[in-house]
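I opened my notebook to look around a structure that was new to me. Here is what I looked up, entry by entry.

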Amino acid sequence: MAQKNFVELTRTNDKMPLVGFGCWKVDQKDAEETIYNAIKVGYRLIDGACDYGNEVEVGRGIRKAIADGIVKREEIFVTTKLWNTYHNKANVRPAFDKQLADLGLDYVDLYLIHFPIPLQHVEHDVCYPPGWVHPTKTSGILLEASPMQDCWREMEKIAEAGLARNIGISNFNVQLILDLLTYAKIKPAVLQIELHPYLQQKRLVEWVQSQGIAVTAYSSFGPASFAQLTDDGRNAKPLLDHEVIQAIAKKHDKTTAQVLLRWSVERNVAVIPKSMHVERMTTNRDLFSWSLGADDIKDITALEMGLRFNNPDSYGMALPLFA
Ligand code: NAD
């Protein structure tokens with residue numbers, strides 16, 4: 001039986017596509033056209049964030065695709081994320097409102113807490129997006145005492161107002177999710193995490209899915225995006241060129257990128273690859289007409305290294321979030 005190309009979210013029963021397009025590192029100057037092209041080649045999920053600094057242009061690309069009749073608003077699933085400097089209960093809604101206005105949309109489909117790291121607030125007119133380092137400092141982070149429970153309550157209010165159809169979390173571990181589930185009136189619909197053959201997080205994925213929380217994988221190609229950020233990114237063998245992945249790709253007459261993406265999709269985990277090239281965008285979403293064999297899965301499983309690339313501790317923020 002052919003695999004479904006979406007996962008149904010709890011509470012709303014919204015169908016979240018299993019393949020979406022990621023907006024990190026899409027330059028402002030390219031974003032409108034890139035997002036438009038992504039929708040044109042068939043992407044129906046756009047994964048953005050305040051932190052990516054391109055929401056105005058991403059919104060233009062989405063709205064152009066709607067205006068040109070390529071999609072209707074209700075056919076496209078738009079995700080964005082609350083940045084760390086807006087966790088305080090006074091700052092969540094204003095941050096969301098700015099993002100929605102920048103996107104030029106009436107609602108988003110999914111609003112995620114980007115990281116469970118409350119940082120000191122930065123006014124929009126001082127610096128936007130504010131990034132990790134507070135404008136009064138030259139390096140490192142400034143934490144803020146904002147309880148996650150307060151932040152989640154504000155996220156719930158945005159969902160209750162129908163402005164974010166679903167709410168969720170990113171880069172959370174099981175301990176924090178367990179706590180959140182004790183007070184959540186609205187359970188997180190999605191957990192977005194780093195996931196690739198070097199960091200498979202098998203039990204985390206299984207447990208989270210067993211709680212009715214869908215999982216999205218980011219950085220499916222492992223070190224590909226992290227070469228400039230971390231030593232691990234520089235030193236790890238690129239997964240896209242790994243001989244094990246190459247052999248599997250050759251066997252199925254697919255690209256190594258498709259193998260890495262299909263590996264997640266087979267676990268009912270959504271993927272959000274980013275590419276600036278229309279040809280790669282197109283092949284990256286061709287994941288449902290074929291499947292990996294048990295021997296392929298076994299070979300990929302053997303690549304596990306517990307190697308995480310998106311760790312604030314490894315790019316200068318002195319915070320061992322995942323320790
Ligand atoms: P990715 O794993 O999608 O890799 C992107 C890199 O792979 C780019 O350099 C691109 O040129 C290259 N690439 C893409 N398709 C290719 C192909 N077919 N052949 C060869 N090279 C190819 O990387 P990512 O950007 O780290 O993650 C994807 C998305 O996940 C982001 O855009 C963002 O939306 C999201 N993300 C979320 C978080 C979070 O904290 N929640 C963190 C990182 C990324």
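How much space lies in the largest cavity? I found about 50 Å³ there.

**Ground rules.** This is a predicted model, so to speak of local features I need pLDDT of at least 70, side-chain atom pairs count only at pLDDT 80 or more, and totals for chains, interfaces and linings use all residues. Residues are numbered from 1 along each chain as its sequence is written, and side-chain values use heavy atoms, with hydrogens and water left out.

**Entry on cavities.** Rolling a probe the size of a water molecule over the atoms shows where empty space is left. I noted the terms: on a 1 Å grid over the protein atoms alone, a cavity is a set of points where a 1.4 Å probe fits but cannot get out, while a pocket is an open set with protein on both sides within 12 Å along at least five of seven lines; lining residues have an atom within 4 Å of a point. Grid points are joined across faces, edges and corners, and a volume is the space filled by probe spheres set on the points.

My search of the whole structure gave two cavities of 30 Å³ or more. Lining the largest cavity are T85, L119, Q120, V122, P130, G131, W132, V133, H134 and L142. I sorted that lining by class: six nonpolar, four polar and no charged residues. (Ala, Val, Leu, Ile, Met, Phe, Trp, Tyr, Cys and Pro count as nonpolar, Asp, Glu, Lys and Arg as charged, and the others, Gly among them, as polar.)

The second largest cavity has about 30 Å³. Its lining is made of M16, L45, D47, T79, L110, Q192, T216 and I272, and these divide into four nonpolar, three polar and one charged.

**Entry on the largest pocket.** Next I turned to the open space, and the largest pocket holds about 950 Å³. I counted 42 lining residues, with W24, K25, S219, S225 and K274 nearest the centre. The elements giving two or more residues to this lining are β9 (214–218), α9 and α10 (278–284). (Helices, H or I of at least four residues, and strands, E of at least two, are DSSP runs numbered from the N terminus.) Which element gives the most? That is α10, with three residues. By class, the pocket lining has 18 nonpolar, 18 polar and six charged residues.

**Entry on aromatic pairs.** A pair of aromatic rings is described by the distance of the centres and the angle of the planes. The rule I used: rings of Phe, Tyr and Trp (its six-membered ring) pair if their centres lie within 6.5 Å, and planes under 30 degrees apart count as stacked, over 60 as edge-to-face and the rest as tilted. I got eight aromatic pairs by this rule.

One of them joins F21 and Y43, edge-to-face, at 5.5 Å centre to centre and 75° between the planes. This pair links distant parts of the chain, with F21 in strand β3 (residues 21–22) and Y43 in the loop between α1 (28–40) and β4 (45–47), 22 residues apart. Both F21 and Y43 are buried (under 20% relative accessible area, with exposed over 50% and partly exposed in between, by a 1.4 Å probe on protein chains only).

F115 and W132 also form an edge-to-face pair, at 5.0 Å centre to centre with 65° between the planes. Both sit in the loop between β6 (108–113) and α4 (148–160), 17 residues apart. F115 has a relative accessible area of 2%, so F115 is buried; W132, at 13%, counts as buried too. I also noted that W83, F115, W132 and Y315 form one aromatic cluster.

**Entry on L261.** Is L261 buried or exposed? L261 is buried, because its relative accessible area is 0%. I found L261 in helix α9 (residues 256–265). Beyond neighbours within four places in sequence, L261 is in contact (heavy atoms within 4.5 Å) with S220, F221, V271, P273, N284 and L287.

**Entry on Q201 and E206.** Q201 is in the loop between β8 (190–194) and α6 (202–210), and at 19% relative accessibility Q201 counts as buried. E206 lies in helix α6 and counts as partly exposed, because its relative accessibility is 32%. The C-alpha atoms of E206 and R267 are 8.9 Å apart, though 61 residues separate the two along the chain.
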